[in-house]
Amino acid sequence: MSRDVIIACDFAGKEETLKFLDLFQEEKPFLKIGMELFYAAGPEIITEIKRRGHKIFLDLKLHDIPNTVKKAMAVLSKLNVDIVNLHAGGTIAMMEAGLEGLRRPDGTRPLLIAVTQLTSTSEEKLHEDLLIDRPMDETVMHYAKNAKIAGLDGVVCSPLEAARVHEVCGDEFLTVTPGVRFAGGAVGDQVRVMTPYAARMNGSDYIVVGRPITAAADPVEAYRRCVAQFVKGEQE
Ligand code: C5P
């Protein structure tokens, strides 16, 4: 297993992103690129960042009919990204199609992970808006199991759910977890958070960290602090 810290590059455009990456002279952090930056800067931003030697988690959360997802995934796979994702709510058939689309002619493919239920969806909305009458935990674990059945590599989940996902889907099934904050740091709009060290102890395979690094006075120092806790297991 390759435990790593992924920096969420939630920047509005290319210039801002590359300026941020220029701060890192010694390390080549794993980066998450989301919809905002991808739609604003286009696929060239991926090519540019890959050229600089970073691994990329392209967080576009695909959700459509299986054939469309398969074809879209084939396009993303050509960008040589390392992780991509889709919504488990699109059904097992859609996840299988996505996986198929990702396979390159040489047999390699990016890792494919699923979003179960968004952490912005409350238990109340799950019942009232989505008409899912099962509890959130049961729904999340069921979607994770579906992702595993479809042959996916893991799920995006809260670090609080990581241990349970491993219990249900096995140790090899990856948990990629946002909602990470330093002890005593600003929580922002995240509700349920964990420190990098606690996320490690709870079994997260990758942590996705945005503002605690991108908005820090010294982002390189903040990144190193995350790596020390999460990858090296150093308790503060
Ligand atoms: O700045 P912060 O550390 O809160 O950033 C977390 C990143 O992870 C953001 O890009 C956010 O969109 C993403 N994310 C999340 N919760 C989820 C799924 C994705 O915070 N359930």
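Reply: What follows starts with the rings and ends at a pocket.

This is a predicted model: local features need pLDDT of at least 70, side-chain atom pairs count only at pLDDT 80 or more, and totals for chains, interfaces and linings use all residues. Residues are numbered from 1 along each chain as its sequence is written, and side-chain values use heavy atoms, leaving out hydrogens and water.

Five aromatic pairs are present. Phe 30 belongs to strand E2 (residues 30–34) and Tyr 206 to strand E8 (residues 206–209), so the pair ties together parts 176 residues apart in sequence. (Helices, H or I of at least four residues, and strands, E of at least two, are DSSP runs numbered from the N terminus.) Both Phe 30 and Tyr 206 are buried (under 20% relative accessible area, with a 1.4 Å probe and protein chains only; over 50% is exposed, in between partly exposed).

Other rings form a group. Phe 11, Phe 20, Phe 24 and Tyr 223 are linked into a cluster by ring pairs.

Charges meet rings too. The charged end of Arg 225 sits over the ring of Phe 182, 4.0 Å from its centre. Arg 3 lies over the face of Phe 230, 5.9 Å from the ring centre. (The test: NZ of Lys or CZ of Arg within 6 Å of the ring centre and within 35 degrees of the ring normal.)

Now back to E8. Strand E8 supplies at least two residues of the lining of the largest pocket, and so do strand E3 (56–62) and the helices H7 (136–149), H8 (159–169) and H10 (211–214). (A pocket is an open set of points on a 1 Å grid over the protein atoms alone, where a 1.4 Å probe fits, with protein on both sides within 12 Å along at least five of seven lines; lining residues have an atom within 4 Å of a point.) E3 gives the most, three residues. By class, 14 are nonpolar, eleven polar and nine charged. (Asp, Glu, Lys and Arg count as charged; Ala, Val, Leu, Ile, Met, Phe, Trp, Tyr, Cys and Pro as nonpolar; the others, Gly among them, as polar.)

Definitions and conventions: Phe/Tyr/Trp six-rings, centres within 6.5 Å; stacked < 30°, edge-to-face > 60°.
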